[in-house]
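Let's walk through this model together, one piece at a time. Have the sequence and the 3D view open as you read.

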Amino acid sequence: MKALCYHGPRDIRFESFEDAKLQDDRDVVVKMERCGICGSDLHIYHGQGFSPDLGFCVGHEAVGEVVEVGRSVVQYRPGDRVMISAAVGCGACGPCLAGEVNQCRNNAMQCYGLSHRLEGCQAEAIRVPAGDFNLAKIPDGLTADQALMLTDNLPTAWFGCRNAGISAGQTVVVVGLGPIGLMAVESAFVLGASRVFAVDFVAERRALAAELGATPLHPDTAVAELMEATSGRLADCAVEAVGADASIKLAIALVGRQGVVSVIGVNQTANFDFPMGMAFFKSLSFRIGTCSVPKFWPELVPLIQGGRLHPEQFISHTLPLADGAEAYRLFDARADGALKMVMTA
Ligand SMILES: [Zn+2]
Ligand SMILES: [Zn+2]
């Protein structure tokens, strides 16, 4: 089969790769129909990946068709159209059974496409471990693009908002308006925010947030403008969807007393310079982590079916997998209006 593989910084190649095949009785092999590039894939692209491996297949978002099932798989048969959860659990331990996939005791924090440990989803076919647990059939009425957004980005945005404890009438600020940040803007309104402020350096992204009903802010003036707009109270909750040290600090500065800062951007800084004094005097809560994707499907599927959430609107480009290197280049450069990049088999 063919797949996109990482060979070093800014070196993603579409090349021949070992076929995805069953390695365990619980495995399922899925033929990729659509896959996405996630903001966190750019960490790998920039050479700040999650492992020192080279030559592994990248990507952790895909939907497709089941082509092969292991002997123990009971819920899926060839021909079923499925979405693959980016967060992978064993499906048998306590945390997995409680829906906390990311706390799995048997393969903690496992995700596709970070190393050779579990090959990625930007491939013509994907091996899914514990298929009965880590897959779901594409729900009725959802398009392939909507289902693709449910494999990682939308649940992460929603998780970020839930972690921020957004409640009715609150003022929310979202820092970083990539696809996940924009989905967090839409999610914050659905969760009852009265006002959402949206911060990004890129003017086009601020304009998209404004179309969703948010008040756009430039990072350089965000604190002063939010202070002005809220009569000095600042935001009740901040959702940070970049992961850079500066944007996390900005999120901390943008919440008022007893505010909650929820970080969903990936940050691997070993010695982050946390503004402890500001946090102390604001009595703020700081929450950070990764999303147990399937946990949020029961909430998100009806919200998409009911027309309350529209995650597919953030897809800017759909390209064939063979053009994956170009898709990464555009996405990294934020060129040509690049927002959510989708690739097809
Ligand atoms: Zn991701
Ligand atoms: Zn587990």
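Start just after helix α5, where G165 adopts a positive phi of about 65°. Helices here are DSSP runs of H or I with at least four residues, strands are E runs of at least two, and both are numbered from the N terminus. You are looking at a predicted model, in which local features need pLDDT of at least 70, side-chain atom pairs count only at pLDDT 80 or more, and totals for chains, interfaces and linings use all residues. Residues are numbered from 1 along each chain as its sequence is written, while chains are lettered from A and ligands numbered from 1 in the order in which they are written.

Now step back into α5 itself, residues 153-163: 10 of its 11 residues are buried (20 or more other C-beta atoms within 10 Å of a residue's own, with C-beta atoms placed from the backbone). Among them are W158, F159 and C161. The elements covering these buried residues include α4 (144-149), α6 (179-190) and β14 (255-263).

Next, find α8 (residues 222-229) and α9 (residues 245-254), which pack at about 20° with their axes 10 Å apart. Axes are lines fitted to C-alpha atoms, for helices over the stretch in contact, and angles run from 0 to 180 degrees between N-to-C directions. That angle makes α8 roughly parallel to α9 (under 35 degrees). Where do they meet? A222, V223 and L226 in α8 touch L250, A253 and L254 in α9, contact being C-beta atoms, placed from the backbone, within 7 Å.

Conventions. Angles under 35 degrees count as roughly parallel, over 145 as roughly antiparallel, 65 to 115 as roughly perpendicular and the rest as oblique. Two residues are in contact if their C-beta atoms, placed from the backbone, lie within 7 Å. A residue is buried if 20 or more other C-beta atoms lie within 10 Å of its own, exposed if 12 or fewer, and partly exposed in between; C-beta atoms are placed from the backbone.
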